[in-house]
Amino acid sequence: MMAYRRTFTPGGSGRLAVLQRHLSAVPLSGQLTSTVYPTNFCYTLDNNLLTTEQRQFYEENGFLVIKNLVSAVDIERFREEFERLCKKEITVPGLLIMRDVAIAKSEYVPDQKAITKVQNFHEDPELFRYCSLPQIVKYVECFTGPNIMAMHTMLINKPPDAGKKSSRHPMHQDLHYFPFRPSDHIVCAWTAMERIDRSNGCLVVIPGTHKGTLKQHDYPEWEGGVNKMYHGVRDFDLTIPRVHLVMEKGDTVFFHPLLIHGSGMNRTAGFRKAISCHYASADCHYIDVKGTTQENIEKEVVELACKRHGLSGLTLKDTWMIKARLINGERTNL
Ligand SMILES: CCCCCCCCCCCCCCCCC(=O)SCCNC(=O)CCNC(=O)[C@H](O)C(C)(C)COP(=O)(O)OP(=O)(O)OC[C@H]1O[C@@H](n2cnc3c(N)ncnc32)[C@H](O)[C@@H]1OP(=O)(O)O
Ligand SMILES: Nc1ncnc2c1ncn2[C@@H]1O[C@H](COP(=O)(O)OP(=O)(O)OP(=O)(O)O)[C@@H](O)[C@H]1O
Ligand SMILES: O=C(O)CCC(=O)C(=O)O
Ligand SMILES: [Fe+2]
Ligand SMILES: [Mg+2]
């Protein structure tokens, strides 16, 4: 039996709570030589997996990189399955295929060269295996607790930039797309399928932004065009210091849905690949996004569900209820 501990502070992300966390992390003076860590963790649970240092890092920064978590053999299998999808050797219900706006508008390119991302691979047993990998789920549990839902799945195939910088992903918070809460019980696992650095467009994060609120998102005004549904934080200030996450094949980053992140352009000739799943605690609840900043994405998703799947009259919540899958424990709410 595992012991869970999440100590809630009233107004857990408020200034006082932040200050309190900060102060309790300061080593005491006197004879003590070891650092005293905060005991009031808000964003992580204790299932005897994360070290105190790892928990503290996530609490402060909103992300945590675990080296070499997925084997080369598994990654090769995901690659092969992705190729089969691109070559249309197999079709998967619900799968959403996306092409880069610059490539889609230039010429017809067969196979994976045209495909920038596949989403909703939950009906593809081989790719969905990623979401159930025990070593991933064990970490996920530190953020969601024992009732775990896979909410969103993606294999991202960032193309060589076609010259318009459209291979970039604007800075955003994933929570913008999610009509469920509380956000602290949602986490993304994102695994590099090869070495990913600034040359092929690594993830770029702003540490600590998970402590803030959900920001207004719109299409950025980029000269070369922006991909469908690639909303970014409105009026994003590019002078704020960002951290580039350089990752080796198999390395996995877990991050909070309020963490502001994006990815740079791919300056190489290769397609840079990553696979990801967004998980949530099944104990989360759906919210109605009407009257909130999320109305704009609801409109687009509902239109897409209608166009692609012939489903009309849906809400954002409905589209998520349909695709959510139980990974562990009990499907209590979501
Ligand atoms: C029931 C479940 C439904 C749930 C849907 C959920 C969707 C997303 C939620 C994501 C939440 C996840 C959390 C974080 C994720 C962040 C993201 O990844 S957000 C980005 C996600 N974007 C998408 O998923 C887009 C999905 N793809 C599509 O909608 C389509 O592939 C398409 C981009 C619209 C292309 O459609 P299609 O009709 O097949 O293509 P064409 O006929 O070739 O083109 C039509 C038209 O659109 C232009 N175009 C093509 N590609 C793009 C593009 N990438 N961006 C913008 N525009 C594009 C193309 O040029 C044509 O235009 P024209 O003017 O008519 O010539
Ligand atoms: N001019 C811009 N306006 C808005 N967002 C931008 C702009 N340039 C980059 N970004 C965003 O910043 C993030 C990182 O992109 P950036 O181009 O800085 O990364 P990089 O290409 O990996 O690094 P660099 O170009 O500094 O070597 C991405 O989310 C990208 O979309
Ligand atoms: O570029 C990537 O791989 C990540 C993009 C991203 O943040 C997303 O799809 O939500
Ligand atoms: Fe994202
Ligand atoms: Mg750049």
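# A walk through a predicted model

Hi everyone, let's start at one residue: glutamine 119 sits in strand E3, which covers residues 115-119. Helices (H or I, at least four residues) and strands (E, at least two) are DSSP runs, numbered from the N terminus. Before going on, please note that this is a predicted model, where local features need pLDDT of at least 70, side-chain atom pairs count only at pLDDT 80 or more, and totals for chains, interfaces and linings use all residues. Residues are numbered from 1 along each chain as its sequence is written, while chains are lettered from A and ligands numbered from 1 in the order in which they are written.

Back to our residue. Is glutamine 119 buried or partly exposed? Glutamine 119 is partly exposed, because 18 other C-beta atoms lie within 10 Å. Here, buried takes 20 or more other C-beta atoms within 10 Å of a residue's own, exposed takes 12 or fewer, and partly exposed is in between, with C-beta atoms placed from the backbone. Leaving out neighbours within four places in sequence, glutamine 119 is in contact with Leu96, Met98, Thr153 and Met154. Contact means that the C-beta atoms of two residues, placed from the backbone, lie within 7 Å. The C-alpha atom of glutamine 119 is also 6.6 Å from that of leucine 155, although the two residues are 36 apart along the chain.

Let's zoom out for a moment. The protein has 8 helices and 16 strands. Of its 334 residues, 40% count as buried. If we take contacts between residues at least 6 apart in sequence, 82% join residues at least 24 apart.

Now for strand E14, residues 272-281. Here 10 of the 10 residues are buried, so the strand is largely enclosed by the rest of the structure. In a regular strand the side chains alternate between the two faces of the sheet. Both faces of E14 are covered: Arg272, Ala274, Ser276, His278 and Ala280 are buried on one side, and Lys273, Ile275, Cys277, Tyr279 and Ser281 on the other.

Which strands pair with E14? One is strand E4 (residues 148-158), antiparallel to E14 over 10 bridges. Another is strand E7 (residues 186-192), also antiparallel, over 7 bridges. Two strands count as paired if DSSP finds at least two bridges between them. To follow this on your screen, look for histidine 152 opposite histidine 278 in E14, and for isoleucine 186, whose bridge partner in E14 is alanine 280.

Next, an open sheet. It has 4 strands in the order E5-E13-E8-E11, with antiparallel pairing. E5 and strand E11 (243-245) stand at the edges with a single partner strand each, so one side of each has no neighbour in the sheet. On average, neighbouring strands of this sheet are turned by 25° against each other, direction ignored. Axes here are lines fitted to C-alpha atoms, for helices over the stretch in contact, and angles run from 0 to 180 degrees between N-to-C directions. Within the sheet, E5 and E13 pair over 2 bridges, and histidine 169 has serine 263 in E13 as its bridge partner.

That brings us to the ligands. Which residues are around ligand 3? They are Met154, Ile156, Lys158, His169, Asp174, His261, Ser263 and Ala274. Being near a molecule means having a C-beta atom, placed from the backbone, within 6 Å of it. E4 gives the largest share of this shell, 3 residues. By class, the shell of ligand 3 has 3 nonpolar, 3 polar and 2 charged residues. In this scheme Ala, Val, Leu, Ile, Met, Phe, Trp, Tyr, Cys and Pro are nonpolar, Asp, Glu, Lys and Arg are charged, and the others, Gly among them, are polar.

Around ligand 2 there are 16 residues, of which Arg168, Arg198, Val204, Gly262 and Gly264 come nearest. Strand E5 (169-172) and strand E13 (261-263) are the elements that give two or more residues to this shell. The largest share, 3 residues, comes from E5.

Last stop: a pair of helices. H3 (residues 72-86) and H5 (residues 125-132) pack at an angle of about 145°, with axes 9 Å apart. In this contact, Arg77, Phe78 and Glu81 of H3 meet Glu126, Leu127 and Tyr130 of H5. By class, that makes 3 nonpolar, no polar and 3 charged residues.
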